[in-house]
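The sequence and the coordinates are shown first.

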Amino acid sequence: MRKRKEIQTVSWRLAFTSAVLLVLSYPPFDFGWLAWGAFLPWLFSLRACPTPGQAFLQSCWIGLIFFTGTIWWVGHVTVVGTVLLVAYLALYFGAWGWLTQRLLAISDKRLANRCWLFAALFGLPAAWCLLEYLRSVFLSGFGWNLLGHTQWNWIRLIQIADITGVYGVSFLVVLTNVALCLAFSLRSAAQRKAILGIAGLCLIAPLAYGSLCLRQNRPPLFSRSFAPSSILFRVAAVQGNIPQTQKWDEAFAEAIWKRYEQLSAHAADEKPDLIVWPETAVPGYLMDTEAAGRLPDIVRAIQVPLLAGVPVFERGKAFNSAVLFSTLGGPAQRYDKVHLVPFGEFIPLRPLFGWLENIVPIGGFSSGHRFTVFRDGFPSFSVLVCFEDLFPGLCRRFAQKGAQCLFVLTNDAWFGRSAASLQHLQASVFRAVENRVWVGRAANTGWTGFIDPYGKRLP
């Protein structure tokens with residue numbers, strides 16, 4: 001009995017170690033190389049779990065630590081919502097731990113059976129990617145801090161994302177961890193070599209592909225939309241750095257207007273083809289008298305088209321929008337945010353979760369329905385508002401409709417001085433590679449700059 005308790009204590013400590021290593025793999029620490037071994041303590045702890053139920057609880061504990069350590073900044077908006085979100089996301093870790101314990105237990109009993117070894121080697125990474133995909137789409141989705149995001153600085157490796165998406169990079173990281181775990185447990189030298197050899201080949205192939213893509217900026221073999229010469233135009237992204245406590249306070253409205261007017265006038269001196277403001281940069285609705293008159297005046301004064309994040313209210317509905325103003329002064333085109341933030345801008349499954357409106361600050365926005373591509377006088381581009389760049393399928397829709405550039409208009413000031421902006425940037429890097437398009441980011445606070453079709457950041 002005492003020995004069993006000691007084993008369980010060691011198992012929980014190993015699980016805690018994995019959680020810490022995973023937290024350190026993301027910004028602000030950004031030690032992405034740790035992810036290649038971060039699962040090992042977790043996998044060893046699962047081997048020590050006597051039942052799948054305990055593996056589930058232990059893995060949920062890892063998930064609780066991981067998500068608390070990486071998205072704690074959601075608490076700037078709502079503490080109760082953060083607790084509920086972290087608890088929900090931890091269930092995905094629990095599900096993977098339950099499945100892993102089952103599969104490892106079977107493979108341990110049948111070490112001589114190569115089929116079970118290969119099932120563990122490829123099945124566990126596949127299961128992880130499936131769970132990442134599910135949490136990216138279920139209940140509107142929350143694809144924040146996917147495992148593949150830890151490799152955003154390894155430009156050569158992430159080129160494979162234009163074929164597999166970010167999930168392919170997650171697959172490689174988990175596969176490497178599983179291969180190392182199996183190699184430690186196998187007694188047969190031949191089996192160890194086979195497992196490690198297969199894992200090595202799975203890494204060499206993407207690196208070779210990445211080298212091919214990066215050599216002399218050659219277009220990737222499997223890319224259908226890569227056309228760099230057609231998207232070269234000068235863009236100035238304006239960052240206002242307006243604290244969230246001031247953005248909707250009428251006492252600061254005039255100061256905000258003047259801030260953006262001055263920054264835009266300064267940017268116009270560089271003769272850009274387009275100036276971009278962040279999400280909800282305008283302190284009011286587009287139809288307000290102040291905004292309706294002032295925005296056209298600003299554009300006529302600087303004589304540069306302006307793409308501005310501005311909320312719109314019409315037909316009894318509010319939209320989180322991006323509006324393009326031509327040099328003639330009027331709105332030329334508009335995009336209404338399609339994918340709203342669940343429990344932030346709307347309540348999904350309201351009959352079930354409507355009660356949350358009493359404890360979580362939830363805006364009453366409506367979603368748009370058009371995947372707008374802006375074409376008038378520019379190389380074609382589309383806009384992603386807020387966290388829309390977290391969704392590969394959504395971004396792909398814009399690229400398929402002809403967008404050669406994507407602009408992310410966001411306001412990460414909600415989350416104070418935290419790593420939220422850098423973690424958000426990681427998703428934008430992968431959207432650039434997946435679609436082989438330039439991605440420009442205009443943020444109210446945090447990181448503003450440009451990302452080329454290979455994922456290289458140009459601040």
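Which residues does W96 touch, not counting residues up to four places away in sequence? The model is a predicted one, and in it W96 touches F39, W42, L43, L124, A127, W128, L131 and V174.

**Nonpolar cores**

W96 is listed with I71, L307 and F407 as the residues with the most contacts inside the largest nonpolar core, which has 108 residues. Helix α8 gives the most to this core, with 11 residues. In soluble globular proteins, nonpolar side chains tend to be buried together.

**Overall values**

The table collects values for the protein as a whole.

| Item | Value |
|---|---|
| Secondary structure of the protein | 15 helices and 10 strands |
| Residues that count as buried | 54% of the 459 residues |
| Contacts joining residues at least 24 apart, among those between residues at least 6 apart in sequence | 69% |
| Accessible surface of the protein | about 20100 Å² |
| Part of the accessible surface belonging to carbon and sulfur atoms | 62% |

**Helices α8 and α9**

Two packed helices are described by the angle between their axes and the distance between the axes. For α8 (residues 166–185) and α9 (residues 189–214), the axes come within 9 Å and cross at roughly 165°. Angles over 145 degrees count as roughly antiparallel, so α8 is roughly antiparallel to α9. The crossing of the two helices α8 and α9 is left-handed. On the α8 side, the contact is made by L172, L175, T176, A179, L180, L182 and A183. On the α9 side, R192, I195, L196, A199, C202, L203 and P206 take part.

**Helix α2**

The buried residues of α2 are A35, W36, A38, F39, L40, P41, W42, L43, S45 and L46. Among them, F39, W42 and L43 are touched by W96.

**H149**

Is H149 buried or exposed? H149 has a relative accessible area of 2%; the cut-off for a buried residue is under 20%, so H149 is buried. H149 lies in the loop between α5 (114–137) and α6 (155–158). Leaving aside neighbours within four places in sequence, H149 is in contact with Y26, G143, V166, Q426, A427 and F430.

Definitions and conventions. Residues are numbered from 1 along each chain as its sequence is written. This is a predicted model: local features need pLDDT of at least 70, side-chain atom pairs count only at pLDDT 80 or more; totals for chains, interfaces and linings use all residues. Side-chain values use heavy atoms; hydrogens and water are left out. Helices (H or I, at least four residues) and strands (E, at least two) are DSSP runs, numbered from the N terminus. Buried means under 20% relative accessible area, exposed over 50%, partly exposed in between (1.4 Å probe, protein chains only). Contact means heavy atoms within 4.5 Å. Accessible areas come from the Shrake-Rupley method with a 1.4 Å probe; for residues, only the protein chains shown count as cover. A nonpolar core is a set of buried Ala, Val, Leu, Ile, Met, Phe, Trp, Tyr and Cys residues joined through side-chain atoms within 4.5 Å. Axes are lines fitted to C-alpha atoms, for helices over the stretch in contact, and angles run from 0 to 180 degrees between N-to-C directions. Angles under 35 degrees count as roughly parallel, over 145 as roughly antiparallel, 65 to 115 as roughly perpendicular and the rest as oblique. A crossing is left-handed if the near helix is turned anticlockwise from the far one by less than a right angle, and right-handed if clockwise.
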